[in-house]
Amino acid sequence: MLHSLNDLKSNSIDVCFRVVNVLLQLLNDIIDDPNQPKFRRLYLEGDVIQNKLLPFAGAMEFLFEIGFIDDGISLMLPEFISLRELKNYKQQLINIISEHQRLNLNENNFLKEISSTSWDVLKFEDKILQRKALENLSPEDIELYSNFNKNDSLYHEKMMLKLMKWFKESFFKWFDMPICQFCSSTTKFKGLNHNKIDENIKYSEMYECNNCCSITDFKRYGICEQLLTTRQGRCGEWANCFTLFCRALCWEARLVIDKTDHVWTEVWSVNQKRWIHCDPCETALDKPLLYEKGWGKKLSYVIAYSNEEVQDVTWRYVEDSNTVLQRRKLCSENELLTTILNLSHHRQNNLSLSRRKYIAERRLKECFELYFMLYCRICKQAEHTDECTDVENYGGRTSGSLTWRLARGEMQIEKFVWTPSEAEIANKRFELKYSTALDKYIHGTSIHEGWKSGVYSYSSLFRKEELDWKNVYLCREENCEKSTIQWRFDFSSSGLVIQDIKLIYTTALFNTGQVEWKLIGNNLTVNLPTIENIKEVVVDQMNGADFVTLNASLSGGSGDLAWQHSQIFRQSIIDQDYPFQIVFILK
């Protein structure tokens, strides 16, 4: 196979196909009329060379590789190049298009997205782009990063961390929202512009000035030289640029894309012989459970891409494989596996036999590693052992503004505890109420925005708005069998104890949906009745306790909408009532 074909494939898909079609037309003209000299000559200053071939990787290399000779004025194909050879070269060009079309045949949008990304990452192999990246590092640093200390088994990992710290602290910066380019006032998000004025721009975000109403755009770049100039963006730009530096340093690296909207890098450890998780946004090294345990993300598909393979690495980043499988509904597992294997096979067509064998063995080892990792995590869950995967050991997201992180739900879950105010201590009465419609807690004169802001803990729960029925409530996440939520109240610092508790907590059940309510405190558990209408429940069994927790567990239901069959605090979007109220009479 011609070496120039790999360079042709490194262009974007549309550019690659455009160039291939030009080359096919050239070959067809010669094959159809081999004795016509004009078809065998391409003038160097002509439109075909200057505008259709020269600007793109692999095009000129292809012409020289099939036998064209530079005579100073033009490129000429000698007559001794046989038609048989030309037809063979033509078929190799056709294979580029047909293989891509075959990979996309009958695929859904998700599989097409995987195929498209597998082409995009070939840009990391652009030697000119790699050289431009290395221009930002000193020769001493390049030497430091490239020559591994054989006496230090973790030298490569130390260099990964060092590169991430430099990248985050000195080179790249996070982008939240622009200021107006005309009056420097604040802006607000207006919408997206998908009109492509540059093949390197995926789309632009449009922001409207709060003062002069003019529009400022933020261009979302893919893998390209502009990232080395702008040096800003969000996780996509960060991972694209960081992965480019890794490849420029000759590290084996791949781009990792999480379908729930995050991107990072994996680097092959020279000494450990395994892929290491590297997130430059968070300066996180080898913390694969960061997103699930720290950020609270519900991962479904995590795919890794390199110039040599595509791999489903979801299982490195999750604990509960059964729950994850329930969320993977974009395609069948067999369709995903077939697509990934076909793409990987296509990427390795031009590799030597020894390299293909090495990758196959490494890939098999990685599959065993992922399955063994899952097995160990499941065993530890069954034994209720304390593996270091708690939220506290990972923390929430640090990149991006606080507002942005809160909106994405990627902050560390805070264990909020309600305590009485001085006025409540004096009155010996604590009162809290929550409105799902307003999504806020009212405690005396203070307001807490968002249902998460007042809970001690929760799992697999979210606030659902029914735009058609104009209702809102808390319920389980889709495809989740069970969710829990807990509020904690502590009166120990007040010198008072509980006399009795008055509760309003609404529940809506459909089909076989279930909600269990419990009060726990003073070494006592009280099972509460399920209440579908707002009416008060009085509990006096907690008499003398100085702290208490209120727990709710949602489960049951049937069919595809089972997750929606158990709801709490359901009310109309325009309702003024508080479906959750709790009052403590103290003494």
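Tutor: We'll talk about salt bridges, and then about a pair of packed helices.

Student: What should I know before we start?
Tutor: This is a predicted model, where local features need pLDDT of at least 70 and side-chain atom pairs count only at pLDDT 80 or more, while totals for chains, interfaces and linings use all residues. Residues are numbered from 1 along each chain as its sequence is written, and side-chain values use heavy atoms, with hydrogens and water left out.

Student: Okay, how many salt bridges does the structure hold?
Tutor: There are 34 of them. A salt bridge here is a side-chain nitrogen of Lys or Arg within 4 Å of a carboxyl oxygen of Asp or Glu.

Student: Which residue does Arg-362 form a salt bridge with?
Tutor: Its partner is Glu-252, with the closest N and O atoms 2.8 Å apart. Arg-362 lies in helix 15 (residues 353-383) and Glu-252 in the loop between helix 11 (235-248) and strand 9 (253-258), so the bridge ties together parts 110 residues apart in sequence. Helices (H or I, at least four residues) and strands (E, at least two) are DSSP runs, numbered from the N terminus.

Student: Is Arg-362 buried or exposed?
Tutor: Arg-362 is buried, at 6% relative accessible area, whereas Glu-252 is partly exposed at 23%. Buried means under 20% relative accessible area, exposed over 50%, and partly exposed in between (1.4 Å probe, protein chains only).

Student: And what about Arg-254 and Glu-366?
Tutor: Their side chains meet in a salt bridge too, at 2.4 Å from N to O. Arg-254 sits in strand 9 and Glu-366 in helix 15, 112 residues apart. Both Arg-254 and Glu-366 are buried. Salt bridges that share partners put these residues into one network, whose members include Glu-252, Arg-254, Arg-362 and Glu-366.

Student: New topic! At what angle do helix 7 and helix 11 pack?
Tutor: Helix 7 (residues 127-134) and helix 11 pack at about 100°, with axes 9 Å apart. Axes are lines fitted to C-alpha atoms, for helices over the stretch in contact, and angles run from 0 to 180 degrees between N-to-C directions.

Student: Which residues meet there, from helix 7 and helix 11?
Tutor: Leu-129, Gln-130, Ala-133 and Leu-134 of helix 7 meet Leu-244, Phe-245, Arg-247 and Ala-248 of helix 11. Contact means heavy atoms within 4.5 Å.
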